[in-house]
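I opened my notebook to look up one structure step by step.

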Amino acid sequence: MKYLIGIALLSISSLVFAQAKVNPTDPQPTCHMCPGTFIPVDELNAYTKKAIQEGHIDQQVRDIDIGKARVGIGMVYRGKLDAPNPDSVAEHDQISEVYHIISGSGTLVLGPDITNRQRRPATQRTVVEFNGPGNNGSEILNGISRKLQPGDVVVIPAGTGHWFTEIPDHINYLMIRFDPDKVTPLKSEAQSLNYLSKPASR
């Protein structure tokens with residue numbers, strides 16, 4: 001009797017185990033066995049410090065493969081801006097961006113109708129490493145203007161123009177870039193720490 005009970009329990013446990021396994025007909029993970037990525041706040045703060053000390057604006061912290069796409073994490077620091085710089089509207093063809101404002105404030109205009117589009121040079125560092133091919137322009141027609149402050153989040157789809165028209169003192173924000181076509185190179189923790197360890201080339 002004990003033998004039969006043991007066989008029954010073994011059969012039940014085997015069935016449960018079989019059901020727990022991923023069914024090959026179910027949707028499968030798009031990033032098979034991929035690790036997660038952790039970025040400590042001290043590392044992010046080091047990028048802001050570097051931006052202020054060395055006069056950088058946009059810096060890429062990581063570029064991570066998540067299977068069907070890549071995700072870039074950047075830190076951006078912009079100083080005081082009384083009026084928009086010439087041809088400072090930006091637009092990226094393939095990469096969408098999310099801003100999370102950390103400190104400071106600024107007025108950002110968004111919209112797809114960009115005047116005087118000019119192709120960004122393919123060799124420009126921001127094109128190669130950060131946000132892929134795109135254009136600059138002179139103005140956004142019928143754009144939506146918003147005053148950004150700490151805690152705000154902005155989503156900028158690929159193809160949408162974005163344009164800072166005023167920054168009273170500074171604005172510092174975390175940048176998340178979605179790169180479905182994988183046009184920018186990967187950047188690891190080791191590469192990030194190496195970048196932070198010495199003055200950055202321009």
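The entries below go from the whole chain to single residues.

**Entry 1: ground rules**

I noted that this is a predicted model, in which local features need pLDDT of at least 70 and side-chain atom pairs count only at pLDDT 80 or more, while totals for chains, interfaces and linings use all residues. Residues are numbered from 1 along each chain as its sequence is written, and side-chain values use heavy atoms, with hydrogens and water left out.

**Entry 2: the whole chain**

I looked up the helices and strands, and the protein chain has 4 helices and 12 strands; these are DSSP runs numbered from the N terminus, where a helix is H or I over at least four residues and a strand is E over at least two. Of the 202 residues in the protein chain, 37% count as buried, a word that stands for under 20% relative accessible area, with exposed meaning over 50% and partly exposed lying in between (1.4 Å probe, protein chains only). The accessible surface of the protein chain is about 11,900 Å², and 60% of that belongs to carbon and sulfur atoms; such areas come from the Shrake-Rupley method with a 1.4 Å probe, and for residues only the protein chains shown count as cover. I also looked at contacts (heavy atoms within 4.5 Å): among those in the protein chain between residues at least 6 apart in sequence, 81% join residues at least 24 apart.

**Entry 3: strand β4 and its partners**

Which strands pair with β4? Two strands pair if DSSP finds at least two bridges between them, and I found that β4 (residues 96-104) runs antiparallel to β12 (residues 161-179) over 8 bridges, with Ser96 opposite Phe178 in β12. β4 also pairs in the antiparallel sense with β11 (residues 153-156) over 4 bridges, where Glu97 stands opposite Ile156.

Within β4 I picked out Ile101, which is buried because its relative accessible area is 1%. Not counting residues up to four places away in sequence, Ile101 touches several residues, among them Leu148, Pro150, Ile171 and Tyr173. The C-alpha atoms of Ile101 and Ile171 are separated by 7.4 Å, although these residues are 70 apart along the chain.

I then turned to Thr160, in the loop between β11 and β12. Thr160 counts as buried at 16% relative accessibility, and, leaving aside neighbours within four places in sequence, Thr160 is in contact with Ala90, Glu91, Leu110 and Gly111.

**Entry 4: strand β8**

I looked at which way the residues of β8 (residues 134-137) point: Gly134 and Asn136 go one way and Asn135 and Gly137 the other, and all are buried. β8 pairs in the antiparallel sense with β3 (residues 89-92) over 4 bridges, and the bridge partner of Val89 is Gly137. With β7 (residues 118-119), β8 pairs in the antiparallel sense over 2 bridges, and here Gln118 has Asn136 as its bridge partner.

**Entry 5: aromatic rings**

How many aromatic pairs are there? Rings of Phe, Tyr and Trp (its six-membered ring) pair if their centres lie within 6.5 Å, and planes under 30 degrees apart count as stacked, over 60 as edge-to-face and the rest as tilted; by this rule I get 3 aromatic pairs. Tyr47 and Tyr195 form a stacked pair, 5.5 Å centre to centre with 15° between the planes. Tyr47 lies in helix α2 (residues 41-54) and Tyr195 in helix α4 (residues 189-196), so the pair ties together parts that are 148 residues apart in sequence. Tyr47 is buried at a relative accessible area of 0%, and Tyr195 is buried at 13%. Elsewhere, ring pairs link Tyr99, Phe164 and Tyr173 into a cluster.

I next checked for charges over the ring of Tyr195, which requires NZ of Lys or CZ of Arg within 6 Å of the ring centre and within 35 degrees of the ring normal. The charged end of Lys50 sits 5.2 Å from the ring centre, and Lys187 lies over the face at 4.5 Å.

**Entry 6: the disulfide**

The structure holds 1 disulfide, meaning a pair of cysteine sulfur atoms within 2.5 Å. This disulfide joins Cys31 to Cys34, with S to S at 1.9 Å, and the link is left-handed, with -85° about the S-S bond. Cys31 counts as buried at 19% relative accessibility, whereas Cys34 counts as partly exposed at 38%.
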